[in-house]
Amino acid sequence: MKRNMRSGLGLLLAPVGLMVAFLLVQGCKGTGNAPPTGGTGGDTSLTGTGGNSNGGSSDSASGGSTMGGDTAGGAGSGGASAAGGTTPGAGGTTPGAGGTVSGGAGGAAKSGTVAGGTMATAGAGGSSTPSAGGSGKGGSGSGGTGKGGSGGSTVVGTACGAPGQICCAGNTCQSSGCCVSGLCVADGGSCLPLAGTCTAGSCNTGACGGPGKPCCTSGTSTSTGTVCTAAGTKCVSGVCALCGNNPGDTCCNTTSVSGTTSTSMCLGSGMICSSTYSGGVCATCGNPGSPCCAGSQCNGNACCYNEQCVAEAAACTGTGTGGSGGTSGTGGGVCTAGKCSGCGASGQPCCGTTCGAGLSCRNNTCSSCGSAGEACCPGTNGASRCVAGTVCNSTSSTTTGLCALCGSPGAPCCDGNICSSGCCFNGSCMAEGTTCTSGSYGYSYGQCKSGRCTCGNSGEPCCLTSTFPTSTGCATYDLACTSSGTSSLTSTCQPCGKNGGPCCANDTCTDAGTQCLSDNYSYNYTCKVCGGTGQACCSSFYSTGPACKDPGTACDSSTSVCKACGAAGGPCCANSTCTGPGTTCKNSLCVVCGTPGTTSATATPCCDGNTCTSGCCITRYGGSYAGAALCIAAGAACDTLVSSTTGPVCDLTTVAGGTCSSTGTTACGGLNQACCVSSIYYSSSTYDYCAAPGSRCLSSTSATTGLTQYLCNACGGKDQRCCIDNTSYSTPTSLGCKSPYLCTYDLATGNSFCKGT
C-alpha cells in the first residue's frame, strides 16, 4: 500500500540546485514512498512504460526512497527527463529495473529506514540460471529477481509468466506458452500433468485448452476436462471460454500461490468483476452510476460512495448497508473534485463502506491504516494493504487485519514471499544458513542458501506441499516426491513418469505403455509397463483398453499379473470362459468342476449348464444362503448346509436324471418336480433347491390354481434360461450355459437366456 509521506526537514532546507540535481538523478516520486524491498521481476504479462514523476524524499526519519520510480519500468521507454529518467534505477530505457533480460543482482540498496524498521535491500538475483526478469514493473529501482532456481521458497510472488513460473492472471504465459495447472510451460514443452505438448497455448497437440476447444484433462484421466491452458481463457461447462477482456465476459482466475487463494478478476482496463468468487462477470467501472474500479477509484472527478461512482456536484448518498463498520448511506455531502465533502476523509464518517486512500472504515469512521500496528487498508486478497516493510495478517479482503513488520528473520514474509535477507519459508523469514524446519516435530526441508530453502528440486528433500502450485512438494510437474512421509531423510524429489520410477502428479506416467499402478495392493505407486504376459494388469481407470493385451491372456485377480488364461488354476478368459477340460469360471479363476463329493467340502462346483459327471447338481434359490451349485454324490445329503441324517439324499434310482428323496417324503428337486425347501433356518434364510443336473428352481403361476409355484425347470440349453443369470446388459458370458451357448441378458423380459448357434 503506497502512502504519502511528509518530506523531511533536511530536504526542505537543502539548496535548490542540489535538490534539482538530486531529483534528476534519482527520478523518484515527488511525494516519496516507504523504502522498497528487493525487486520482484515485475509483471511479465505487461510491458513497462518507464518510471513515474519526480524523485522521492531523502528524509531518513520517514524512510524516504532514494531509488527509482516504483511503477512499471524496464522494457518500455523511460522518460527523457526527471519524470522517468534515462538511468536504470529510475525505470529508464536500460534493463535492470525488471527489464526484458535475465534478472541480475538488482540495484544497490539505498539508505533510509521505515519507522525504525529494517533497511530495505535490493533484490538478489536467482540462485540458479535465471530466466527473464520480466518486462513489467521495475521493482522500485532494483533489478528483476529472475527465477531463483525452482525449489524452496521461490514461489516468485508477482513474477509470473516465464516457463517454470506461476501463470499470470487469466492463464497468461510468455511467448505463446501454456498455463498448466498454475505453472507456465514453454511452447513446445511437455504439458505434464496434461497430455501431449504445448502448441501455441493449447495442449495435447492443440486438441484442448485453447479458446472454444474442450477443457483438458489430466494425462490419463478419461473424465470431463476442467483445465484451460491458453491466455485469457477459463473452463466453463467443459469448454474453454474467453474471459476477462470485455463487458459481459466471465471473470478470469488468478493463480493461487503460497499464502494466497485464487480470485476472480478482469483483464481489460476500465472493468471490474462482479464477484471475487467463481461465477463473476466483468462490468464497466469508474463512470457515474457504475461500480467503482479497484481501489475505490472513479473516472474524472467522480466520487466513490459505497463502491458506486457518483457524478461531480451530485449528492454523495446511497442505500448501502454499511458493510464492515460502514454507514447506512444516509449522505456524505456533495461530490467535489473526486471527494465527497461530508465523508471519506480522516475522521469523517465512511462513505457507505468506502474511505479515501490510506484510510479504512472502522466503527463508521475513516481512520488511518496500513502502517505497523494499524488496521490493514482495504485491498484484494491481502495485496497493497500495508506500507512497504509491513504485511497484513489477514489474506481476506473482507476481514480487517493488522499490519505487522515483515521481512526480517523470524518475522512474517512480506507480500510476494519477500524477506530483507535469508529465505521465505512457510510464511516466515529464515536467516541465511539456518535449517528450514516446520511442524511440531521440526521436520527439515534443507538449508536456507542464496535466498531459497534447498528443497523441491531434483535430488533435494521434498518441500511442504503448499510451497508450489504443483501441491506435491516438488517445484515442477516432471518431479515427484518419492515417499509419502514428511521427513526430509526419506522424501526426495526425483524425475517421475519413467518405467519403474515414481508417478507424476495426477498419477501420470510418460513412458509409452506405462501406467501408475500399486505394488500388490500396497500404497507404493510406480509407473509400470502393463498388459503383456507376466506384466502388471492395466487399469481401466486410466485406459479403456483391455487389462491384458496378448492373445490368450487375462488378468489374474489374485496377483494383478497377466497370465495365460483358461486352464485350471489360471484366470478366466474373456466372457468368463475356461478352456481346460472339466473346468469352470469361479471368482474369475478357472477351477475343476463336475466331480461329486459327499459333503460341501469335498464336492466341486457344477460345470457350465449345471452339469456333473455323476450324482446330483444341488442349486440353491432365494434367501441369504443362495450360492454356487455343487456336485453331490448319490446317497449323500442334498441340502449341503444342513447337518441332518434324516434329510433327503441324492436319488438316482427313483428318477434316473436325479432327484432328492427320503423315507416317508415325496421326491423333490428333479426335472419339472417341485423345488425342495430347506426349513431348518429362519424364514429369512429359507431357500429352495434343485438336484437334477441341467435344472434350476424358478417361480411361476400355476395354470390350475393361479397360485405361485416353484418348479425345477431345465436350464443351460439353447434358448433356455441361463442356469446362472448374467447381470451385464452388454457382454454375454459362457457362465450359466452349456457350450457353445452364451448367457445373454434380454432387455425386453429382464431375464437371461442361452443364445448362439
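Is Cys 565 buried or exposed? Cys 565 is buried, because its relative accessible area of 13% falls under the 20% cut-off. Keep in mind as you read on that this is a predicted model.

## Disulfides

Let us stay with Cys 565 for a moment. Its disulfide partner is Cys 573, and the two sulfur atoms are 2.0 Å apart. Cys 573 is buried too, with a relative accessible area of 15%. The link of Cys 565 and Cys 573 is right-handed, with 100° about the S-S bond. A disulfide is a covalent bond between the sulfur atoms of two cysteines. The count for this structure comes to 50 disulfides.

Another of them joins Cys 316 and Cys 340, with sulfur atoms 2.1 Å apart. Here the torsion about the S-S bond is about -90°, so this disulfide is left-handed. Cys 316 sits in the loop between strand S10 (308-310) and strand S11 (335-336), while Cys 340 belongs to strand S12 (residues 339-340); the pair links distant parts of the chain, 24 residues apart. Both cysteines, Cys 316 and Cys 340, are buried.

A further disulfide is that of Cys 503 and Cys 516, whose sulfur atoms are 2.0 Å apart. This link is right-handed, with 100° about the S-S bond. Cys 503 lies in the loop between strand S23 (493-495) and strand S24 (514-518), and Cys 516 lies in strand S24, so the pair ties together parts that are 13 residues apart in sequence. Cys 503 is buried at 10% relative accessible area, and Cys 516 is buried at 2%.

## A three-stranded sheet

Next, look for an open sheet of three strands, in the order S19-S20-S21, with antiparallel pairing. Its edge strands, S19 (435-438) and S21 (452-453), each pair on one side only. Strand S20 (residues 443-449) is joined to S21 by two bridges. Cys 448 has Cys 453, in S21, as its bridge partner.

## Aromatic pairs and a charge over a ring

The structure holds four aromatic pairs. Phe 425 is in strand S17 (residues 423-425) and Tyr 445 in strand S20, so parts 20 residues apart in sequence are tied together. Phe 425 and Tyr 445 are both buried.

Tyr 621 and Tyr 710 form another tilted pair, with 6.2 Å centre to centre and 50° between the planes. Tyr 621 is partly exposed, at 30% relative accessible area, and Tyr 710 is partly exposed at 36%. Finally, Arg 620 lies over the face of Tyr 687, at 6.0 Å from the ring centre.

Key. Residues are numbered from 1 along each chain as its sequence is written. This is a predicted model: local features need pLDDT of at least 70, side-chain atom pairs count only at pLDDT 80 or more; totals for chains, interfaces and linings use all residues. Side-chain values use heavy atoms; hydrogens and water are left out. Two strands pair if DSSP finds at least two bridges between them. Helices (H or I, at least four residues) and strands (E, at least two) are DSSP runs, numbered from the N terminus. Rings of Phe, Tyr and Trp (its six-membered ring) pair if their centres lie within 6.5 Å; planes under 30 degrees apart count as stacked, over 60 as edge-to-face and the rest as tilted. Buried means under 20% relative accessible area, exposed over 50%, partly exposed in between (1.4 Å probe, protein chains only). A charge sits over a ring if NZ of Lys or CZ of Arg is within 6 Å of the ring centre and within 35 degrees of the ring normal. A disulfide is a pair of cysteine sulfur atoms within 2.5 Å.
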